[in-house]
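Here is a short note to read with the structure open. Take the points in order and find each residue as you go.

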Amino acid sequence: MNLSPARLHELSVRLARETSAEVHFDEYQRSLYSTDASLYQIQPLGVVIPKTVADALAAARIAAEFEVPLVPRGSGTSLSGQPIGTGIVIDFSKHLNKILQIDAERRTARVQPGVVLDQLNEAAANHGLQFGPDVATSSRANIGGMIGNNSSGARSIRQGKTVDHVIELSVVLSDGTPARLDPKTPEQVAEKQKGDSLEAKIYRAVPQIVAAHRDEVLARYPRVLRRVSGYNLDEFIPETRSWHEPPFYVRETRTAEAERFPGADFNLARLIVGSEGTLATVTEALVHLIPLPKHSGLVVIELASLEAACDAVGKALPLDPSAIEFFDKLIITLARASLEYRNYLDFVAGDPECVMIVEFSSDDEGQVRSKIDDLTERLRGAAGISHILPALGGKLADHVWACRKAALPLLMGVPGRRKPIAFVEDTAVDPAKLSDFVRRFRKVLHDNGTDGAFYGHASVGCLHIRPLIDAADPADLERLKRISLAVCDLVMEFGGSMSGEHGDGLARSYLNEKLFGPKVYRAFKDIKAAFDPKNLLNPGKIVDGPGPVENLRLGAGYQTLDVPTVLDFSGQGGFARAVELCNGSGVCRKTQTGTMCPSYMVTRDEEHSTRGRANALRLVLSGVLPPEELTGPRLFQTFDLCLQCKGCKAECPSNVDVAKMKAELLHKYYQEHGAPRGVRMMADIARWNRLGSALAPLSNWLPRLPGAGFLRKKLLGIDGRRPLPMFCRNHFAKWFRRRKRGEHALRGAQGVPPGSRGPIVLLDDCLTSFCEPSVNRAAVDVLEAAGYEVVLAGLRCCGRAAISKGLLDEAQELARENIDRLLPYARQGLFIVGAEPSCLLTLCDEYPDLVPGDDAKLIARQSRLVDSHLVREGITLPQCRRATASTFPPLTKGGQGGLAGEGTSQSVLLHGHCHQKALVGTRETVQLLETVPGTAVRVLDSGCCGMAGSFGYEHYELSMKIGERVLLPAVRASAALPIVAPGFSCRHQIEHGTRRKAEHPLEYIARHLPSPGNTRTS
């Protein structure tokens, strides 16, 4: 494929003119699509993002006309390199992501290829149904990609693979013509074979190729449930179905198809499944749905070795489990170090070498309980088992599966140059042979001077074994090749498959001739030629694949720019290594839950995902993109829409911290280009808040004059539609100086003497202190009620605003000044507490990076949010008055619905601040709120509010779209309930978007405290 510049320009013009698709042929966008979650990197010729099926058809037709390869792509989470290549990448994830129909009676769904598995399952759950294959990447895996890979998942022993659930596919063939592939009777096949179209030729060729190689397929195909290598020729040979008992739900789907399509045994859709986009491009799919089990339960087993776990599989399989999963000690260790996943490890009691999870599912709860008890008894006293935890479903099960699903990206956070990488991680053998296979596999690794991480689907003998390799080390690349060949020999000896789940792609296609033999491989090539005579559909996958160390992302000779930084990246091995923590697994592309990445959830653009931003920066640092782009406008544009919510730092299992990277990049950008006045004003917000408070009420009146909004936008970049906070003349410090010390302390039997717990330092932040002083007043009330003597930190500014704007020299100066001021308190063992998460947590998170050393670490250890401190210290507040409808403040203008009757307990909605959720969580806030009798807290899974400090002033429309994703509709829908939000920005977004006023949690607590000096409660 050698297009001249003129021809390439013509191609891009034709695509833009003849489709409504987004068409990108610039180097920057092409580079963003050059990688997935695999080892590999190939820059495509261009990127097309179709908005309609007609766009996809036209793009395929034009590509065929120009004889340019077409590479279909969903979320780009492949571990084997399927969605990258030299042609035109066609991305279905952004627009072609609609569920077209769910037929609950027939248990089917018609979907576009960009539909995400969790999205489909959420819709299907309304009918008590789900899609059978349940991959670990369910939060971002596209159904089209699952079809391409023939995905399966943890419960495949009962629910089968994707090929078992696909009924019909609408596709575009290699010449750009559409086709619908569905079950056909012999008469219908004969009719389809007539004519000279490509579709007719395919219908003639496939039966001939299958018939010619029938005996060889029967002899060479691995007889295991989890084979996804090669093409599915076995689907056209009835005898292969006797090789093993089909999974429970596969029997049901086959029966349903036979009844719906009598005599129609020939379905080319089954050949497209698992073909990795090499035979046709899928534009729509009709799939089976299966019932959701009503009950499930787990047995969590801790073991001293992988071999002991493999032996335990044999005791569990006869009980018909729905899943048996492993993960080894390395994953447990990494989860314990993760900000997010350490919260889910409550099911691990000791320090095991391996954890095995056995799940049972049924519509009969008694049956689940019986199987759990049976397995527990079978395993009791078995060698190598240190702990057994039986449990029914619920929170514990959610924690177990959250850790299991995060296994892969957690592994990529392993420190050091050697990483557990994917190239032989997907082998599948008979589960009865698993113990011997694991032992022999580990010997291969040890013989080659390395080891690996082990996890996966033990129920079907498909373990993900990832050798530790440094892909930039030539010696390790030689190891990679030796290990790959040795493992292939081992798999063949055990009668297994090289891929049980992730497919061939660039990682394993070159092994298919060895694995299947030359005759079956010849059949594969004939199938490819029949569908794609010009080799235009995702070439180099399944057949004619490159070697395993070609096209590496971080190959031999890989180098990066040496970039000096203000922030300390030594904990990640330096700036470049911190960027390379992103392995492409795409957890940041989830849109149904969590916080990261707020801008991606709205735009659905790859460059606005955490992965996209980290990838763009890595491409600059590694020289793929020009080094001057480090301070160029394009990279600035990519990072500009990062809200610095820090969701990625916690929710990305590899702990990719894009907020930190953005601060460093902005610093370099403004050093070179200068910081605009609006940026400098926002960074110095503490000074402006003090001035605004001193000039109130004039300062509140002037910005609301006609034309003031226009001037704000013109001069400062602040959108005129966004109301400014109101300044309070009687600011917090003034109130604190004038108040009678201890007047808010509670006395008597239920109270404690004022100051009896000693002093505590309150961070009087510059946001609430001057604009919402009631928040810090409430903090004083609560702390004095707890028996503390409140001392104000009195900082000029914590530096949060300067950090977010990239003015790191100013932030560093503030950090040094504040550390000096706070250090005497910290050395006395006093805690520094605060009400505003963004400010208080700056002391914990950024100060050790701005001013590395023991002093900053001590300040970080001694700094807590007020609610976290009270809960962690086990401090019980005096008995609060019961929360009833009568104690809630009235709804503000625009509220909907009425309040519940007098004396009725009610729920409280909690929207957590992003930094709080990322760094410490909201659990302690919930615990403190629920000390108010009658209060039940409902934590909204609302992600980011969209305000994020100055972001909502500068990017108004995107900010509001982020808020409207979950938070603002949830507040409107629960107008009868109070809403609490710890974040200053969050409360302002809620008030602007819903005309409802949110309280700080401490205001809610303080409002329900008994009156000072009065121990009676109401």
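1. Start with strand 6, residues 108-111, in this predicted model. Both of its faces are covered. Thr108 and Arg110 are buried on one side. Ala109 and Val111 are buried on the other. Why do the side chains split into two sets? In a regular strand, side chains alternate between the two faces of the sheet.

2. Which strands pair with strand 6? One is strand 5, residues 99-103. The two are antiparallel and share four bridges. Isoleucine 99 sits opposite valine 111 of strand 6. The other is strand 10, residues 281-288, also antiparallel to strand 6 and joined to it by four bridges. Here valine 111 has alanine 285 of strand 10 as its bridge partner. Now look at the turn. Strand 5 and strand 6 form a hairpin, with four residues between them.

3. Compare a second salt bridge, between arginine 155 and aspartate 134. The closest N and O atoms are 2.6 Å apart. This pair also links distant parts of the chain, with 21 residues of separation. Arginine 155 is in the loop between helix 5 (143-149) and helix 6 (156-159). Aspartate 134 is in the loop between strand 7 (129-130) and helix 5. Both residues are buried.

4. Arginine 864 has a relative accessible area of 14%, so it is buried. Glutamate 873, with 39%, is partly exposed.

5. Some salt bridges share partners. In this way Lys646, Lys649, Asp657, Arg800, Asp845 and Glu846 are joined into one network. How many salt bridges are found in the whole structure? The search finds 74.

6. Next, find helix 15, residues 395-405. Which of its residues are buried? They are Ala397, His399, Val400, Trp401, Ala402, Cys403 and Arg404. The cover over these residues includes strand 12 (295-303), strand 13 (323-328) and strand 14 (354-362). It also includes helix 16 (407-411), strand 17 (452-457) and strand 18 (462-469).

7. Finish with strand 19, residues 758-763. Five of its six residues are buried, so the strand is mostly covered. Strand 19 runs parallel to strand 20, residues 788-792, with five bridges between them. Proline 759 has glutamate 789 as its bridge partner in strand 20. Strand 19 also runs parallel to strand 21, residues 832-834, through three bridges. There, leucine 762 is partnered with valine 833.

Key: Residues are numbered from 1 along each chain as its sequence is written. This is a predicted model: local features need pLDDT of at least 70, side-chain atom pairs count only at pLDDT 80 or more; totals for chains, interfaces and linings use all residues. Side-chain values use heavy atoms; hydrogens and water are left out. Buried means under 20% relative accessible area, exposed over 50%, partly exposed in between (1.4 Å probe, protein chains only). Contact means heavy atoms within 4.5 Å. Two strands pair if DSSP finds at least two bridges between them. A salt bridge is a side-chain nitrogen of Lys or Arg within 4 Å of a carboxyl oxygen of Asp or Glu.
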